[in-house]
Amino acid sequence: MEAMGAVDELNAVIGLALVAQREKRIRELLLKIQDDLFTVGAEIAMAHASKETRVPKITESHVARLEAGIEAMDVGPIKEFILPRGSEGLARLHWARTVARRAERRVVALSKRTTLNPNLLRYMNRLSSVLYQMAVWVQRRERKRVEHPTYRT
């Protein structure tokens with residue numbers, strides 16, 4: 001239930017991020033991710049089902065799509081932490097990234113108790129990365145100043 005709830009929450013947060021995006025390529029990828037997350041949820045829900053039960057599965061092509069998204073929005077090496085702020089669209093992408101990380105932790109915890117599709121685990125791992133890449137890419141496209149933590153006391 002924890003994993004399914006976290007994936008469901010992630011899908012809702014991605015929906016909020018989606019409505020604040022202007023870039024077509026970001027919107028298109030977020031739409032596909034939302035659809036994929038229903039497949040993730042189906043797999044999790046049916047993890048204990050018999051082998052004969054037909055359940056949609058996350059495949060290598062789903063993972064490859066995320067990796068292609070990361071490559072398409074390459075922003076070069078990032079050597080400092082970036083504060084998650086700028087525009088509303090940026091903040092929502094960063095929020096989705098953090099929720100994706102939590103969902104990944106819940107799915108990994110579930111995988112310790114039951115066997116899950118390795119592609120599903122890889123997908124969840126790459127998802128926060130593509131959301132981060134989107135946020136940095138959008139930040140640069142919007143010409144928002146990158147802000148870093150000061151670590152002052």
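**Fold pattern.** I read along the sequence and found the pattern α-α-α-α-α, with five helices and zero strands in the chain. Helices here are DSSP runs of H or I with at least four residues, strands are E runs of at least two, and both are numbered from the N terminus.

**Ground rules.** I am working on a predicted model, where local features need pLDDT of at least 70, side-chain atom pairs count only at pLDDT 80 or more, and totals for chains, interfaces and linings use all residues. I number residues from 1 along each chain as its sequence is written, and side-chain values use heavy atoms, with hydrogens and water left out.

**Burial.** I noted that 42% of the 153 residues of the chain count as buried (under 20% relative accessible area, 1.4 Å probe, protein chains only).

**Helix H1.** I looked up its buried residues, among them Ala3, Val7, Leu10, Ile14 and Leu18. The buried residues of H1 pack against H2, H4 (88-111) and H5 (118-141); contact means heavy atoms within 4.5 Å. A handy reminder: an α-helix has 3.6 residues a turn, so residues three or four places apart point the same way.

**H2 with H3.** I checked H2 (residues 24-45) and H3 (residues 60-72): they pack at about 160°, axes 11 Å apart. The axes are lines fitted to C-alpha atoms over the stretch in contact, with angles from 0 to 180 degrees between N-to-C directions. That angle makes H2 roughly antiparallel to H3 (over 145 degrees). From H2, Arg25, Leu29, Lys32, Ile33 and Asp36 make the contact, and from H3, His62, Arg65, Leu66, Gly69 and Ala72.

Definitions and conventions. Parallel < 35°, antiparallel > 145°, perpendicular 65-115°, else oblique. Buried < 20%, exposed > 50% of the residue type's maximum accessible area, 1.4 Å probe, protein only.
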